[in-house]
Amino acid sequence: MTNSWLSTSGEDLSAGYARHMATLRGAVRHALVARALRTHLPAGSQQVLDVGGGDGHQAAQLARIGHQVTVLDPDPAMLAQARQRLKGEPGQVQQRVRLVQGSGHEAADLVGGGYDLVLCHGVLMYVETPEAFVADLVAAARPGGLVSLLTKNRDALAMRPGLEGRWADALQVMNAHAETGNLGVTSRAHTAADIDAMLAGAGASTTAWYGVRAFTDHLGDIPVGDDFDTLLDAEWEAGRHDPYRRIARLLHFIAQATPQDIP
């Protein structure tokens, strides 16, 4: 399995990602995903695998509340950002995070399996064989463990250009399966039904799914404002309910790996 994003300069991709994560859109994405994880994670320290964990933002958040996190990412530039981020954390938080270079389909060989939670956020849209990739993610979870998957919503591709008044661009992606995003990389998009079917085919059942950035995706690269908490509450409620979640930029699925029968 290969990922199209790996052909892009790692330094350029990591720099673009860092710029995006400093904007309102990036902050909303991280905050909504973190809230969903807090909602579904059981109490107590969990063993977490973050596939494509990038700059370690999610890993650091989880480590702060006691979880043991392994970040698996193929991009050395992104892992360098993660190391830099972790330097600013207390020693006990740093000790809970392990950084490993490699891609998702190498997980079994590089980091093993049996994880309580497997994260894969913002990676599936760059993968050439998504069904096989999702199967690898589910295989890394223990029976009954959780899989958290964030990817681009195909049903919402025309929303951003439409709300920005870019009518030709909206028409172009109205029925498309892929687009070129802010990072300058072509990425695929999937419907909620697509994701649910891929998870089921891999042996996982959807527990819940959310829309991410139903209201704020078209606002461009503006900074976080003083009203962020209220904005976040509005996005959270929209992301939990139809019809709003179906036109959100991103889809966030929480699924459970099928528990093994106990004799």
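This report describes the cavities, nonpolar cores, aromatic pairs and backbone exceptions of a predicted model.

The model is predicted, so local features require pLDDT of at least 70 and side-chain atom pairs count only at pLDDT 80 or more, while totals for chains, interfaces and linings use all residues. Residues are numbered from 1 along each chain as its sequence is written, and side-chain values rest on heavy atoms, with hydrogens and water left out.

**Pocket and cavities**

Grid points are joined across faces, edges and corners, and a volume is the space filled by probe spheres set on the points.

The largest pocket has a volume of about 190 Å³. Its lining comprises 14 residues, of which Arg160, Pro161, Arg166, Glu179 and Thr180 are the closest to the centre. Helices (H or I, at least four residues) and strands (E, at least two) are DSSP runs, numbered from the N terminus. On this basis α8 (159-163), α9 (167-173) and β6 (178-180) each supply at least two lining residues of the largest pocket, and α9 gives the largest share, 3 residues. For lining classes, Ala, Val, Leu, Ile, Met, Phe, Trp, Tyr, Cys and Pro count as nonpolar, Asp, Glu, Lys and Arg as charged, and the others, Gly among them, as polar. The lining of the largest pocket has 3 nonpolar, 4 polar and 7 charged residues.

There are 5 cavities of 30 Å³ or more. The second largest cavity has a volume of about 80 Å³; of its 13 lining residues, Met159, Arg213, Ala214, Asp217 and Ile247 are the closest to its centre. Its lining divides into 7 nonpolar, 2 polar and 4 charged residues.

**Nonpolar cores**

A nonpolar core is a set of buried Ala, Val, Leu, Ile, Met, Phe, Trp, Tyr and Cys residues joined through side-chain atoms within 4.5 Å. Buried means under 20% relative accessible area, exposed over 50%, and partly exposed in between (1.4 Å probe, protein chains only). The largest core has 36 residues, and Leu117 and Phe228 touch the most other members. Helix α2 (residues 24-40) contributes the largest share of this core, 8 residues. Apart from it lies another core, of 30 residues, including Val111, Phe133, Ala141 and Met198.

**Aromatic pairs**

The structure holds 3 aromatic pairs. Rings of Phe, Tyr and Trp (its six-membered ring) pair if their centres lie within 6.5 Å; planes under 30 degrees apart count as stacked, over 60 as edge-to-face and the rest as tilted. Two of the pairs are tabulated below.

| Pair | Centre distance | Plane angle | Class |
|---|---|---|---|
| Tyr210 and Trp236 | 5.1 Å | 25 degrees | stacked |
| Phe215 and Tyr244 | 6.0 Å | 70 degrees | edge-to-face |

Tyr210 lies in strand β8 (residues 204-212) and Trp236 in helix α11 (residues 228-240), 26 residues apart. Tyr210 is buried at 9% relative accessible area, and Trp236 is buried at 10%. Phe215, in the loop between β8 and α11, and Tyr244, in the loop between α11 and β9 (250-257), are 29 residues apart. Phe215 is partly exposed at 36%, and Tyr244 is partly exposed at 43%.

**Backbone exceptions**

Most residues other than glycine have a negative phi, and most peptide bonds are trans. Arg213 has a positive phi of about 70 degrees although it is not a glycine. Arg213 is placed in the loop between β8 and α11 and is buried, with a relative accessible area of 4%. The peptide bond from Asp242 to Pro243 is cis, with omega near 5 degrees; Pro243 is in the loop between α11 and β9.

How values were computed
1 Å grid on protein atoms, 1.4 Å probe; cavity = no way out; pocket = protein on both sides within 12 Å on 5 of 7 lines; lining within 4 Å.
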